[in-house]
Amino acid sequence: MNIIKYPARQEWAQIIERPHLDTAQLNQTVAAVLADVKTRGDEAVKGYELKFDHVDLEALAVSQAEIDEAQKLVSSQLRQAIELAHDNIRKFHESQRFRTKKVETQPGVVCWQKSVAIEKVGLYIPGGTAPLFSTVLMLATPAKIAGCREIVLCTPPDRQGNVNPAILVAAHVAGVSKIFKIGGVQAIGAMAYGTDSVPKVSKIFGPGNQYVMAAKQQVSLHDVAIDMPAGPSEVCVIADEKANAEFVAADLLSQAEHGADSQVVLITTSNKLIDDVQQEISRQLDRLPRKEIAEKALQNSRIILVNDSKEAMDLSNAYAPEHLVIQTEDYEAMAERVINAGSVFLGRYACESAGDYASGTNHTLPTHGYATAYSGVNLDSYCRKVTFQHLTEEGIKSIGRAVELMAEAEQLDAHKNAMTVRLSSIRN
């Protein structure tokens with residue numbers, strides 16, 4: 001990791017830059033695949049499954065027999081863990097239910113909102129180097145709570161045409177409607193445009209590699225909504241001299257193993273902690289099966305020594321991390337100053353892994369600095385708010401003249417007239 005000591009604030013913009021990718025060629029490739037899927041549907045999807053996932057599929061849909069078989073292949077211990085995580089995710093997201101309230105803005109003018117579920121949602125679940133069955137729980141559970149009528153899931157199969165059984169078990173537990181053996185750009189295209197097999201959805205959720213993220217962004221321009229723009233995964237740890245170096249190193253490595261393009265950042269006020277964490281990273285890294293991936297991510301990563309806790313938090317807010325771990329003695333006071341972050345983990349025992357799996361919060365979060373403007377996935381992500389209003393004669397009298405004046409000032413005479421005819425009817 002690159003060590004930077006006491007950087008001046010004018011240097012921060014350069015320090016917090018994420019790794020840059022040349023996406024020109026990538027976007028051309030993605031656009032071509034999407035166009036082909038839009039034109040040829042299932043035939044194109046199967047062709048790309050053969051080309052990219054190296055599997056020749058007769059059918060794209062996962063059968064009930066395959067789902068039943070998966071129940072036998074997953075250990076009872078893992079199933080119990082999945083059910084525990086699902087229960088906690090359900091509890092947390094159920095607490096986010098919208099409760100409407102009617103408001104009388106003027107005598108005779110009553111306004112209110114109703115929360116309406118998106119009818120069809122699509123979930124993309126990566127299944128390559130790490131089959132993310134936990135993401136199934138994170139995306140499908142709130143969709144089910146919200147009342148989405150159809151929950152469509154796409155995930156890449158292995159070379160034998162099978163979907164990871166833990167993904168199928170998680171999908172069953174969380175209430176997914178339909179599951180398809182489709183990965184990559186072709187999966188995003190299938191859900192965005194619809195094919196003979198795959199229903200067209202209204203919004204697509206889920207993480208993926210740079211091709212998947214580019215596909216989501218392209219289809220969001222004209223065809224379907226997406227959860228958020230996103231890039232590679234990241235974590236920022238703020239730690240003081242009392243922090244546990246072993247825990248800090250473990251948190252950094254837990255994110256670094258996601259991918260070579262991931263980024264981890266340690267911001268600390270302790271010079272000694274830097275040395276201790278580096279030693280721990282070396283020790284723990286040697287034991288990781290994904291050591292090579294983590295090592296590459298660490299090359300894009302930074303340890304930053306700052307003067308005090310205020311400067312540490314200011315730098316973190318400028319970075320706007322996907323995950324923020326605060327392992328300081330005054331973590332409660334530090335938490336009050338958080339402005340930009342996807343999800344925050346407080347104290348020495350709140351590891352980022354807890355939120356990734358089983359604490360109950362959602363792990364689908366804005367990356368690449370998008371936490372300055374986007375929230376992570378939550379119950380509202382699956383809903384729309386429809387506004388209602390009811391006006392009586394008294395209401396027309398209350399606001400009618402104001403409406404007429406404003407419409408006239410904007411030179412929208414038909415708008416004015418819609419109110420004028422009502423006012424006239426009351427006078428008559």
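Student: Which loop holds Tyr6?

Tutor: This is a predicted model: local features need pLDDT of at least 70, side-chain atom pairs count only at pLDDT 80 or more, and totals for chains, interfaces and linings use all residues. Residues are numbered from 1 along each chain as its sequence is written, and side-chain values use heavy atoms, with hydrogens and water left out. Helices (H or I, at least four residues) and strands (E, at least two) are DSSP runs, numbered from the N terminus. With those labels, Tyr6 falls in the loop between β1 (2–5) and α1.

Student: Is Tyr6 buried, partly exposed or exposed?

Tutor: Buried means under 20% relative accessible area and exposed over 50%, with partly exposed in between (1.4 Å probe, protein chains only). Tyr6 has a positive phi near 50°, though it isn't glycine. Its relative accessible area is 46%, which means that Tyr6 is partly exposed.

Student: What is the phi of His54?

Tutor: Look in the loop between α3 (42–52) and α4 (64–73). His54 is at 42% relative accessibility, so it counts as partly exposed. Its phi is positive in a residue other than glycine, near 60°.

Student: How do the axes of α6 and α7 run: parallel, antiparallel, perpendicular or oblique?

Tutor: Axes are lines fitted to C-alpha atoms, for helices over the stretch in contact, and angles run from 0 to 180 degrees between N-to-C directions. The axes of α6 (residues 133–146) and α7 (residues 165–174) come within 9 Å and cross at roughly 15°. Angles under 35 degrees count as roughly parallel, over 145 as roughly antiparallel, 65 to 115 as roughly perpendicular and the rest as oblique. That makes the pair roughly parallel.

Student: How many nonpolar residues are in the contact of α6 with α7?

Tutor: From α6 come Phe133, Val136, Leu137, Ala140, Thr141 and Lys144, and from α7 come Ala166, Ile167, Ala170, Ala171 and Ala174. Ala, Val, Leu, Ile, Met, Phe, Trp, Tyr, Cys and Pro count as nonpolar, Asp, Glu, Lys and Arg as charged, and the others, Gly among them, as polar. That contact has one charged, one polar and, for nonpolar residues, nine.

Student: Which residue caps the N-terminal end of α13?

Tutor: Helix α13 covers residues 309–319, and its buried residues include Met313, Leu315 and Tyr319. The buried residues pack against α1 (12–15), β9 (234–239), β10 (263–268), β11 (302–305), β12 (323–327) and α14 (331–336). At the N-terminal end, the backbone nitrogen of Lys310 lies 3.3 Å from a side-chain oxygen of the cap, Asp308.

Student: How far is Ala350 from Thr387 in space?

Tutor: Ala350 is in the loop between β13 (343–346) and α15 (352–357). Leaving aside neighbours within four places in sequence, Ala350 contacts Val325 and Phe345. Thr387 is 37 residues away in sequence, and the C-alpha to C-alpha distance is 39 Å.

How values were computed:
Contact = heavy atoms within 4.5 Å. Polar contact = N/O pair within 3.5 Å; in protein donor to acceptor, adjacent residues only side chain to side chain.
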